[in-house]
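Hi,

Here is the structure I promised to pass on. Have a look at it first, then read my notes below.

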Amino acid sequence: MRNMKRTFGLVLIVILVLSIISTVSATGREFRFVIIPKCVHPWFDLVVEGAKEQARFLEEQTGDKFVIDYRAPAQADVVLQNNILEQSAATRPDAITIDLLDADGNRVVVESVLELGIPIVAFDSKAPDDWGLASVGNDFPEQAHIASERLVELLGGKGKVAIMRGFPTAINHHMRYLAHKETFEKYPDIELVAEGIDNDSIETAQQQAASIIAAHPDLGGFVSCDAAGPIGIGIAIKEAGKTGEILSVGMDDLEQLLVLIKEGVVDSSSSTKPYMQGSWAVIAMWMEALGRPTPKWIDTGIAVITQNNLDTYRGE
């Protein structure tokens, strides 16, 4: 039923977009859209690819020009992200899309940008309801439930597990974290023995995972809350010589993770669709820039990646 609702919702959005394209006359206007991610990260490179492809499509259909302005903080830091948001707003773009690191920490700056009349769309996160913003993402708790349920099944319903939390105040990471815990709590023979915080850094995830593995030699498995986590975990598992002994169900679809799944170091992944998120963020920004109503929530869906579908998986 959830998949049917998501599909129906996207169909309605497509119809709305096509109706806008059919009624908007080419004016030679240039639209500039700013993308602000959590940090420099290969996952966001895929978001930008999707955004640029959608921009090219809109140029072909409308005759207008679409510029994608990508501005990434060097690391996941709310102050850095807010500074980039303020600097971006000062250039008066037609719209901004941001992956919120901390809704409370971002609030003042987001509200000041909205007061300037610059539309904002959230992506890979869910904006607080009172902001009234459109958000592009997926069912983050469901994504985590899929991953943790798979790990429980692989472990035969018993064993010691750990969670790599990502950036704890990031809305999507926190929602996944709570969902992982909720899943594990359903199984009396599953023991959550450790949690790591990688702050969306592969290197930090590797270090955290290595420490957890050393502290818990009988650890059965890992789940993650971000795209960096499973890559760092996979590297740590390989370095510890525990491939096949410690099971990991990952998050997202970065190439490094797909290699680890192919090698059998990581079992599988419950993935967002970054390319599609970038594409639909552009659509939402364009609609906002035209003063058209936008959906409050655009769900791009979840993909489950295993060795069995690696050759046919498409992260669109």
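**Asp200 and its surroundings**

The side chain of Asp200 makes a polar contact with the side chain of His41, at 3.5 Å. Along the chain these two sit 159 residues apart, yet the C-alpha atoms of Asp200 and His41 are separated by 8.0 Å. Keep in mind that this is a predicted model.

Where does Asp200 lie? You'll find Asp200 in the loop between strand S7 (190–196) and helix H7 (202–215). Is Asp200 buried or exposed? Its relative accessibility is 7%, and the cut-off for buried is under 20%, so Asp200 counts as buried. Setting aside neighbours within four places in sequence, Asp200 is in contact with several residues, including Lys38, Cys39, Phe167, His173 and Asp226.

Asp200 also turns up in the cavity search. The count comes to one cavity of 30 Å³ or more, and the largest cavity has a volume of about 80 Å³. It is lined by 13 residues, and the closest to its centre are Asp124, His173, Asp200, Ala227 and Asp252. By class, that lining has seven charged, three polar and three nonpolar residues. Helix H2 (42–62) and helix H6 (171–185) each supply at least two lining residues, with the largest share, three residues, coming from H6.

How far can you trust the model? The chain averages a pLDDT of 92, and 91% of the residues score at least 70. Be careful with residues 1–5, though: pLDDT stays under 50 there, and the model has two contacts for them beyond four places in sequence.

Cheers

Technical notes
Residues are numbered from 1 along each chain as its sequence is written. Side-chain values use heavy atoms; hydrogens and water are left out. pLDDT is the predictor's confidence in each residue, from 0 to 100. Contact means heavy atoms within 4.5 Å. Helices (H or I, at least four residues) and strands (E, at least two) are DSSP runs, numbered from the N terminus. Buried means under 20% relative accessible area, exposed over 50%, partly exposed in between (1.4 Å probe, protein chains only). A polar contact is a pair of N or O atoms within 3.5 Å; within protein, one must be able to donate a hydrogen and the other to accept it, and residues adjacent in sequence count only if both atoms are side-chain atoms. On a 1 Å grid over the protein atoms alone, a cavity is a set of points where a 1.4 Å probe fits but cannot get out, and a pocket is an open set with protein on both sides within 12 Å along at least five of seven lines; lining residues have an atom within 4 Å of a point. Grid points are joined across faces, edges and corners, and a volume is the space filled by probe spheres set on the points. Ala, Val, Leu, Ile, Met, Phe, Trp, Tyr, Cys and Pro count as nonpolar, Asp, Glu, Lys and Arg as charged, and the others, Gly among them, as polar.
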